Amino acid sequence: MRAVVAVAINTWREVVRDRVLLLLLVFAGVVVGSSGLMATLTFSEERKIVLDVALASMEGLGVLLALFVGGQLLVKEIDRRTLYVVLSKPVSRLSLVWGKFLGLVMVQSFLVAAMTGVLGGVMVFTGGVRFSVLGVSCMLVLQLVLLAALSVLGSAFTSPLVTSALTAILYVVGHNLETLRMLARKMVPVARLSVEALCRVLPDLSVFEVKNAWVNGVPLAVDGMVVAGGYAMAYAAMCVCLAGWLLERREW
Amino acid sequence: MVSVHPPGGTRRSRWVPELAIVSALMMLQAALVGHVHVVVRGPHAPLSLGLELAWRHVPTGFQNLLADTLWLRVLQHVGGQLGRDEPLNVTGVKQALDLAIDLDPAFHAPVEYGAWIIADGHDPAGALDFLAHARRQHPDDWLLPYHQAFIEFLYRKRYDDAARLFSLAASMPGAPPRVMNMVAGMYTKGKLKDKAIETWWGIHQANRGPLRAIAARNLRVLGVAVPD
C-alpha cells in the first residue's frame, strides 16, 4: 500500500510538472469568455448555454487528460528506463500500475474540483449557484476514472498513440451502446449475439451522462449516482488489475 | 519508506502548452472560416449543415453544446441578413432547428423563436412542420399549438385551422382562459358567425370580470342581445 501511495504521489508530481494545470487556465478562459460572449451572441437562455459550454469543456479537458497523459504513464517509464529503478525497489508491478492510476485520478479529481470552483464563481454572476453541480462533477470524475483505467490498461500493452486512439474509440462507443444494441436487433442471430455480448463487456459511459438533463433542470437521482459509482469503481479496478497482470507477464 | 523519484529529471514535456496553442488556433480558424463563409458566400446564402447531421446519431454527451451551437448559428445566419433589403433566406434553418431540438428536446429558445424565424422567411408550412416536430416531443405543452395557430392566422390566413389549434391549446393543462377568445376571434374572422356566437357565449357564461365583458361586447358586435 505504501508503495502504491508513493507511486501515486510521484505520478501526481510528474503530471503536474507537465503543466497539466494550464488546462485550468484554458477552462477559466473558455467559461468566463463564453459567459461574456453569450450576452451578445444570443438573446435568451444565456445561462443554459454558459453551463453547457462549461460542463462540456470540463468533460472535454478531462477526457483529453485521460487520453494523452493516461496513455503515456507506463510507456514513459519504460522508454526512459526509470521503470528498472522503480522495480528494483520493493514495488510490485501491480502496485506500480495502481499507483500510476491513482496518481492520474488524483490529478483529474483536482482539476474537476478546481473547474467546478471556477464554474461556481461564474454561476454566481449568471443567476445563482445550484449546489447540485457538485453531483454533476462527481459523475464526471467517475467517468474520467473509468477512462483513466482504460488508458492505463492500454498503455500496459501498446504504444501511447494506439492507447489514445483506443480510449477515444471506447469513449465514443461507450456513449453509444444503446445505438449498438438497437443495430444488433436488426442483425442475423450470430452477429446479434456477438454484438450483444460486446455491449456487456464494453464500458457503458452513458450511465455517467447527467449534465445535459441537469442543465435543463432535471434533478439528479442519488440512487443512480450510487450505482454508477459502484460500476465505475468495479470496472476501473478490473482494468487496472488486468493492466498489472499484463505488465507482470511482460519482459524487457 | 519506499522512495520513488519522479522520472525524467529536469526534462519537461511541453505538450500541454502546445495543446492549448493548437486549441486556440483551431478556435481562431473556426471563427475565421465562419467569417470567410459569410464574406465569400454572402449573408443570404443558405445555412448549410455538413458533419452536424451525423451528430444526431452519435451521442457523446455533448448534445446540449451541439444544440446550442446550431441555435447560435441560426441566430448569426438570420442576424446577418437583418437590416438589408433582400428577403430573409431561411433555407437550411429548419433543418438546423430540427436537429437542435432533437439533440436537446428541452431547449426552449429554438422552439419559441425558431418557428417565427422560419415563418418570416416565407415558409409558414415549414414553421408549422417544425412546431409539429416539437409537439411530438412535448405533447402537453399548450404553447406549441398556440404558436401553430398564430402562424395559421397571421401567415396563411386559414382561420378555421387557427381556431382548431387555438381550441386545442385552450384544452391543454396550463393554458390561460383568454386562449378561448382567440378561438372565437378566428371564427369571427373566418365568417363562421354561428360558431363565433357559440364560442363567445361559452366564454360569457364561464367567466366573470374582463373576459365576460369582452365576450359581451363581441356578441353585441355579432348582433346578439346580451343583458348587462
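Is N64(B) buried or exposed? Select N64(B) and see: N64(B) is buried, since 25 other C-beta atoms lie within 10 Å. (Buried means 20 or more other C-beta atoms within 10 Å of a residue's own, exposed means 12 or fewer, and partly exposed is in between, with C-beta atoms placed from the backbone.)

A bit of housekeeping before moving on. This is a predicted model, in which local features need pLDDT of at least 70 and side-chain atom pairs count only at pLDDT 80 or more, while totals for chains, interfaces and linings use all residues. Residues are numbered from 1 along each chain as its sequence is written, and chains are lettered from A and ligands numbered from 1 in the order in which they are written.

**Stop 1: around N64(B)**

Stay on N64(B) and color helix α3 of chain B, residues 63–79, which holds N64(B). (Helices are DSSP runs of H or I with at least four residues, strands are runs of E with at least two, and both are numbered from the N terminus.) Now show what N64(B) touches, leaving out residues up to four places away in sequence: D52(A), N212(A), V215(A) and D104(B). (Contact here means C-beta atoms, placed from the backbone, within 7 Å.) Then draw a distance from the C-alpha of N64(B) to that of V226(B): the two are 162 residues apart along the chain and separated by 54 Å.

**Stop 2: a helix pair in chain B**

Next, select α6 (residues 124–137) and α7 (residues 143–156) of chain B. Their axes come within 9 Å and cross at roughly 170 degrees. That makes α6(B) roughly antiparallel to α7(B). (Angles over 145 degrees count as roughly antiparallel, under 35 as roughly parallel, 65 to 115 as roughly perpendicular, and the rest as oblique; the axes are lines fitted to C-alpha atoms over the stretch in contact, and angles run from 0 to 180 degrees between N-to-C directions.)

Show the side chains where they meet. From α6(B), pick P124(B), A127(B), L128(B), L131(B), A134(B) and R135(B); facing them in α7(B) are L144(B), P145(B), H147(B), Q148(B), I151(B), Y155(B) and R156(B). The residues of this contact divide into 9 nonpolar, 2 polar and 2 charged. (Nonpolar covers Ala, Val, Leu, Ile, Met, Phe, Trp, Tyr, Cys and Pro; charged covers Asp, Glu, Lys and Arg; the others, Gly among them, are polar.)

**Stop 3: two positive phi angles**

Jump to R81(A), in the loop between α3 (46–79) and α4 (82–87) of chain A. R81(A) has a positive phi of about 65 degrees although it is not a glycine, and R81(A) is exposed, with 10 other C-beta atoms within 10 Å.

Then try K191(B), in the loop between α9 (179–189) and α10 (193–206) of chain B. Phi of K191(B), also not a glycine, is positive and near 60 degrees. K191(B) counts as exposed, having 9 C-beta neighbours inside 10 Å.

**Stop 4: zoom out**

Among chain B contacts with a separation of 6 or more, 53% join residues 24 or more positions apart.

Terms used
Two residues are in contact if their C-beta atoms, placed from the backbone, lie within 7 Å.
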